[in-house]
Structure formats: C-alpha cells, structure tokens
Amino acid sequence: MSEQQTATTSLPRPDQSPWQVRDSRKTRNLVLASVLPAIVSAAIALGMNIDATIAMLLIFVPLQLVSAGFVGYRIFGRKGIADASLVIFTIFFSALVGVLLFSVLFSVITEGAKAISPQFFLQNNVYITSTTSLEYGGVGHAVLGTFIIVGLTTLVTVPLGIALAVYLTETPSKARGAVRTLVQAMSGLPSVVAGLFVYAALISTGFTKYAGWLGSLALIPLMLPTITRVAEEALRLVPVELRNGALALGAPSYRAFFQVTLPAAKSGIITAVLLGIARIIGETAPLLLTVNYANNTVLNPLESMAALPTYIYQNLDSANDTSLQRAWGAALVVLIFVGIIFTAARLATRPKTAKQKVDKNV
Amino acid sequence: MSSVSESSKPVPAKRKLAAKPHLVQDKVFFGVARAAAVGAVGIVGLILAYLLFMSWETLAKQGFNFIFGSQWTAADPENMIFQIGPMLWGSLLIAFNGVILAVPMAIAAAYFIEFLATSRIAKIATTVVDLLAAIPSIVIGLWGVGVFTPVAAHWAELLNQNLGFLPLFKNEAGSFVGSPFIAGWIVAVMIVPIITSVTREIFSQLDRDVINAATALGASRSSTFMKVILPTSSGGIVGGVLLGLGRALGETVAIFFVLNLSFEINWVDVIEGRGGSIASMIVAFFGAATPEEVKALIAAGLVLFVITLLINWLAAVIVAKAQPWRK
Amino acid sequence: MSDLSNAANLSTIEAHLRSEDVNVWFGERHVLRDVSLTFPVNQVTALIGPSGCGKSTFLRTLNRMHELIPSAGFAGRILLDGEDIYEPGVDPTNVRLKIGMVFQKPNPFPTMSIKENVLSGLKLSGRRGYDATEIVETSLRRASIWNEVKDRLGDPATSLSGGQQQRLCIARSLAMNPEVILMDEPCSALDPGSTRRIEETIEELSETMTIVIVTHNMQQAQRVSHQTAFFLAEDGNPGGVVEFGKTEDVFNNPIDLRTNDYVNGHFG
C-alpha cells in the first residue's frame, strides 16, 4: 500500500513481513549463543591464567551477551538484542541462586557425611572435647532435646495458630484485618529478641535458670505467624457453600467447623504444622539465650538441654577441625530433618484439595 | 410505571442481624478463637511493653547517645557507657548490602519461574527456592564460615585491587575476612527466597490479558518486562524487599560467625574486616553481661524490634495493597 | 398491597409458613421491602423474577441463613406454625432443623461418603439413637436416587455426577425430616435430564412437605409449583412482590402489566 489513507495515522507501516524468518538455522544459533562463549572464555581464562571470578564476570558474561544479542538480532531483528540481554541476565542471576543453594547443600552433605556414623546418632557429648576423635560422641542428646523443645512449642502453637486462623476466617469481627497485619508483623520479630525477652523476663530476674521449656516459650512467637498464615489460607480454600450447607442442616458453628470445614482443609492444616516446625527447628539464637546447652542427655524440659542448632553453635564456636566436623555432621542431621518435613509437606498437599474435587464433577 | 413498593406504609425500623452463637458450645468455640486473637495481640504487646519497661533505665541514662554514640564500657560501675551506634549502623549496612545483592537474584528467579521456564523446570526452580528458604540460618552460618568466607574474601580482594579507587572498596585494615560485604552475602542467601516468593506471587497474579495485549501490540519480551510487568508489580516487589530487609536486620547467628564485631563505626568500607550487628552483639555479650549491661542489651533489642516491626508493618501494608485479591 | 388480589384465592388454605412485611438490608442498602407471602401446607411456591430482585435473599431469610452475611439487616416477621422465628431467644439452628435448604450449586461434603453425607445432618445437629440404615434408604428413595447409589454407599460423594450430587443434597435435607424445604435455583447448574428428575422429585415431595423454590426457569415454575410470587426491583428501589397468586393465574392471567411482560419473556 503506497498511498496514505485518511483513516490511518502518518506512521509508516512496519516493512517487515511476519512470515519472514531471518535465520532459521536453530542449531547453529544455539551453539553460537551458548556453547561458544563458554568455550572461548574458558580457553582465555586457562590460557592467560586469569582469575576465575574475573573471567566469569569480565569475559564470559559480556561474550555471552554479545553472542546472544547477535543471535537475537538474526532471528527477531533489533528488538532481539534487548530480549537476549534480558534472558541472559535472568538466567545468570537465577543460576547464581541455584549455585548458592547447591554449594550449601553440597558442602553440608560431603562434609557432614564424614562425621556421620551410627554412633553419631546414638551418643551424647559427655567427655567430648574439641579435639576428641570423631569416633566418639554424637548428637543423640541434641536430637532428643530438639524433639522435646520443638515438640512442646508445637503442642502450644498449633492449637493457638488454628484458633487464630478460625478467628480470621470464621468470625465476622471487624478487627480481623488489624489482627492479621499484627500477626504478620510478628513474623518479623527478630528471633534473638524473642530469646532476649524470655531471658530478661525469666532468667536475668532470677525466676529460673536456663531450661528447655523457656526455649519452647521463646519459639512460640516465631512459629505462630507461619502456622496462622498457612492455616488461614487452607481454611479460606474451603468453599463457603460447604459451610453454608452444614449450617443449613441445622449444625451449630462448632460442629460445622470440626466435621466439615476442618476435614476439608486437612492437608492444608498439616502443611501449616510442618512448615511451622521447619521454621523453628533450626532456630539458634533464642535457644542460646534461654536453654544454653548441655553435653549430657537431658529429657527434663525444666533443665538446660541440648539441641541441634546450639550443638552446631557450640562446635563452631570452639573452632577446631574436629569440632568443625561435628558441626557439619549436626548440620547434615538438621538438613535431613528439614528435608523429611519438606517432603511430608509436599506429600500432604499432593492429594487434590476439596475444592478441586468438587469443581471437577460439577 | 409505578414503583413496586408504592404502599404508603413507612419503612419499619431495621434490626441488625448478627449470627450470634446460641449454643454454649458455639460460644466456647468462638470465644476460644477470639481469645487466640487477643492472645496474639497480647504477645506482641507484652514483648514490646516488657522490653520498653526493662530498657527504660538505659534509655533515660544514655539519652540519644545510646543510638548515635559508639562506646560500650561496663568496666567502671560509676560511669557505664552503653552506645550502639556502630552496631545499629552495621545492622543497617549489612541489611542494605544483602538486599542489594538479593534483589537482582530474586527478581531474576521470579521472572525465570513465571515467564521463561517450562512448567517442569519452573516446578524444580520453585522447589530450589523453597528449599533455600528452609535451610536454618545456623547452617548458612556454618557454610559461611567454612566455605563461603574464603571465596567472598577473594572477591573482595579483587574488588579492592581493581576498583579500590572507589571509597566503597578501599581497605586500609588489610583484612578481607569478617567484613559487612561477606555478612551481606550471607544475609542475601537467606532473603532471596523471601523476595522471590513474594515477587513470584505478584507476577503470577498479573493480568495475563494485559501482558498478552502488550505482546499483541508487537511488544518484545524486554519491553513487556520493563514497561508492563515491572511497573504493575513494583508495589508488591517493594513490599517483598521490605520483608527481606526486616528478616535481614534480625539475622543473628549466621552473621555472628562471619562478621568481625567492632565498636568503631564503619560507614561504608564494606570490604573491610570490621562491622556491627545488634543481633550478633546481643548473642556475643549477654553471657558475661552485668545486670546493667543486660538492660542495655534489652534496649538494643528493643530498638531492633521497633525498626523491624515498622518495616514489616509497612511491608504487610504494601503487599496487601498490591494483592487486593487476597481480601 | 393493592396488586395482590389473587392472594384472596389462597386464603382458604391453611398457612404453614408466612412472611409479614419482611424488609431486608445489606449494610445501608435496602434490598427488600414489605414482602408478605403465605406458604400453605404441602404446596410448592415458586419465586420468580429477574436477577437481583431479592428473591434468593428472601428465601434465605426464611430459615435465617440471611444473617450469616455480615451487616445483614432485617425487619418484619416470619411465622412458622404461628411462631415468629426471629423472636429473640429462638435458636436459628433449631429453625434450620425444621426448614431445610438446597443450594444452587450441589454441595455434598467432599470428605464424606454417600452414606455419611445422608447422615451428616443428623451428626452435625448431634442427634443420637436413630436407625442409620433405614434413614439412608428412605431418604435416598425419596430423593429418587436410591437405585443409582444403593450398591456404592461407601463411595465418596464427589464420585457422583452433578445431578446425582444435587439429589444427594436433597436426600441429606430429607434425612432431617424437615417440614419445609427451601430450594435456591436447584437445577441451574444441571443438564436438562437431571433437571427433569429433580422436578419429579419435587412433585413427589410436595405430597408430604411445604416447598419454596427460587427459579429463573418459567417452564419449571409452571411445571412444579402451585403458587407463584413475582419479585421485581426497579431503578435502585428495594425489591418487592409485584404479584402473588395461583401459578396458572400468574402465568396466564396476570393482573400487573409488568408480570405479563416478564412471564412472556419481554425482559429479565
């Protein structure tokens, strides 16, 4: 169309034909955009003996950008250059996240594996100094202590969190928004402050000495926001029709909740509990300030106890090769527990929620 | 046409109906829920009130110098000086450092998961981010001491060698270990998952029609990202960043192990091996503290709590504003 | 109201449920004004009208489901066997035991089996000492779904089709043996075959109980109901009843012009 019609703007029409693919040789483009920069920069770095970090930042990334931009230009024209840079930056930074996680996991697993043996799970830390051989001693007492401290917190916080979620979803109260904001603000409570609060209120006043139950107390405000948030979301997912269905049958609210809403939200509630446990199982600072640490096996929460995070702290603090190795071992044990909880939470959410089931058949 | 209700009857008085519980069990049920709400509000209030009560003496004695001064001496019982300036500034410096490092990673990861990756890869990436969130901070601290510190110190050295002319990267002390830079990285590792998950949620709730409309207008990936996705989700991202900032300020043990605490204020020399952190200071000092010192530490904790409370409250408001569908 | 002269024809029948000058508000919004209707024993009453005229809201006031909405306001009286169900001191759960409800969207409890769903009302209201087997069979038979599910009573309720789920919900209400059943567009989410079966069920049920049904479907109203009330809300005014009378009169012989327009499909 050569003549401007009155109905169109003065902007010239794009001259590019949409069906015109400028360069369709995919494989060549792929090699050009990804493999080539890697090989070239590796070669330069090795050949000229440049530091790996510098090579990565100053040679590989720019080279990658140029080649991807070039390929983008070949395929999409000018806008391909910006697109290619966006993709390269995204992948670079995303990969950085992956590398960091991989580094953490890899070092904990390889270093931790050196310390782990059956006796590492079964023995406690009595008579163990920072130079004692790894053949002796272990985290048995710390595992039990963590179970007891975290278990006590869970026992208190789960009902409290679910009751809060009920308040936020089932009551018509006007204060709900404010309560929700406050509970979420609580999730920003620095854990050390939670510990300090208990320490200042109950230990430094001489009311009691270091004890396991104080640790449980300090962990409550840290666990509560997680449980409340996830449980609230789970209850909210239960369709309002189910609640109304139960109430229309003449059910009192509490029965409608316990027999209809709660079962329908079961997997979400389980997830809430698991995520809550995962949130506090590795908390160290509050336990340091309230429980301190014990080397023998203590099962009485009225006394100072051992726990996995404080065990790591204790061994990291003494900064000796063997004790460092013990810290890695304990870190691996913590990660194994976190992994188990994590997998369980995944499994709990896997069965379709009540809502999806209903929708499917309507 | 006449109105439906043309009757001359006056409108009767309205009664407000409320589903009031009738049964005792229902009253108990709702009573427990209400008690939980009061309890939660009470916990926060109690912590705040008690910390305030305990720190009153210190705050009154030290005045504004408590926040701005940089001396901490409990040796002379006649003249104890507690000032947390370097620690407070250190906490902020490390948190900002962490946020600056974490934000590009988090936004990239969120963009990757929501817009670039195939659904299977996105699922794996989501798991990776969630997994990172689940790693306890003491484990990150251990990794920071055992693995990451040498690497990051090397990076810092490179920065110093090549960009040392910038005030930010000068290092007169000579040590690259124990710097706010390293602590910032450690914090970044911990807050990347928080910012990512908030950003991802915001991205996933974006109106796909708007994005498709932009694409239909011939916009490229990059211009869609810069002109549609980022502006519409910026509020939520800021909220997520604030959440991360709050978490970064409160981080304790991981920083405790990688940072060299110093009561000399370190303004911007991020790669120099000295810095401060209120949370780490509390852990470092409380064991051997005198009663007065404990009170001063509590006052420091209160300052930290108030700052994080404000930041989190702000973040919650911003995130809620950015996610109106949540209501 | 002057428009309700057809109602005179109904006055001879024994009133079972009656609304007197019912007014409803949502917050400050006045949505229903002066609704006075009579629901005689064992009759089916259809509530028709365009969307947003307040007929579903009115239905929900009849068993006090309306008050579950925060900011709900109410005035007037609703008499069940001469007793006002809004009298202070009346427990709404007891009202709902006598006046059952079936919703627009089938809502069987997904975590329960078919059998448990039928018995759910008894469990939820804390009833004891009943013959479960007998109640399950009778209720499912009355909802005409027994033959389809008798061999799979233990299956989850969600394994049923939409129409079956809705009949299960009717059975669930019937298990409580209510005096009145309220139905809020029970067939709007169903296919024509399922709709037909539910209409048959309604016909059979009307021999033993009073039924109030909200429907958008004119044919359905004519097929199943004995009397019809036409609701209308005009230009931001609260909704109200324009015409109320025997179904054949309302459809074939409407007094009000607007009723005529609506039942003949001129608007709504």
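**Entry 1: a glutamate in chain A**

I started with A:E232, which I found in helix α8 (residues 212-237) of chain A. I take helices (H or I, at least four residues) and strands (E, at least two) as DSSP runs, numbered from the N terminus. This is a predicted model, so I noted the limits: local features need pLDDT of at least 70, side-chain atom pairs count only at pLDDT 80 or more, and totals for chains, interfaces and linings use all residues. Residues are numbered from 1 along each chain as its sequence is written, chains are lettered from A and ligands numbered from 1 in the order in which they are written, and side-chain values use heavy atoms, with hydrogens and water left out.

Is A:E232 buried or exposed? A:E232 is buried, at 7% relative accessible area. My scale is buried under 20% relative accessible area, exposed over 50%, partly exposed in between (1.4 Å probe, protein chains only). Leaving out residues up to four places away in sequence, I listed A:A165, A:L168, A:T169 and A:R180 as what A:E232 touches, where contact means heavy atoms within 4.5 Å. With A:R180 there is also a side-chain to side-chain polar contact at 2.9 Å. For that term I use a pair of N or O atoms within 3.5 Å; within protein, one must be able to donate a hydrogen and the other to accept it, and residues adjacent in sequence count only if both atoms are side-chain atoms.

**Entry 2: the two domains of chain A**

Next I looked up the domain assignment of chain A, which gives domain 1 (26-111) and domain 2 (140-353); such bounds come from an automatic or database domain assignment. Their centres, taken over C-alpha atoms, are 41 Å apart. Each domain puts residues into the contact: 5 from domain 1 of chain A and 5 from domain 2 of chain A.

Between them the two domains of chain A bury about 500 Å², 74% of it on carbon and sulfur atoms. Buried area here is the accessible area (1.4 Å probe) that two parts lose on being put together, summed over both. On the side of domain 1 of chain A, the residues that lose the most area to domain 2 are A:V108, A:I109 and A:E111, together 84% of what that side buries. I counted 1 residue pair in polar contact between the domains (both at pLDDT 80 or more).

**Entry 3: where chain C meets chain A**

How many residues does each chain give to this contact? I got 33 residues from chain C and 24 residues from chain A. The buried area is about 2200 Å², with carbon and sulfur atoms giving 66%. C:K105, C:P110 and C:L124 lose the most area on the chain C side, together 26% of what that side buries.

I found 0 salt bridges between chain C and chain A, and 1 residue pair in polar contact (both at pLDDT 80 or more). A salt bridge, for me, is a side-chain nitrogen of Lys or Arg within 4 Å of a carboxyl oxygen of Asp or Glu. The elements that give two or more residues to the chain C side are α2 (92-98), β7 (99-102), α3 (114-124) and α6 (162-174) of chain C.

**Entry 4: helix α3 of chain C**

I went back for α3(C). It is largely enclosed by the rest of the structure, because 8 of its 11 residues are buried. Among them are C:I114, C:V118, C:L119, C:L122 and C:L124. The buried residues pack against α9 (240-248) and α10 (253-264) of chain A, and against α4 (132-142), α5 (146-149) and α6 of chain C. After α3(C) comes C:G126, with a positive phi near 75 degrees.

**Entry 5: salt bridges**

The search of the whole structure gave me 28 salt bridges over all chains. One pair in chain C is C:E199 with C:R223, at 2.6 Å from N to O. This pair links distant parts of the chain, 24 residues apart: C:E199 sits in helix α7 (residues 192-205) and C:R223 in helix α8 (residues 218-224), both of chain C. C:E199 is buried at 0% relative accessible area, whereas C:R223 is partly exposed at 42%.

I also noted C:E20 with C:R18, at 2.8 Å from N to O. C:E20 is partly exposed at 24%, and C:R18 is partly exposed at 32%. C:D155 pairs with C:R152, the closest N and O atoms being 3.4 Å apart.
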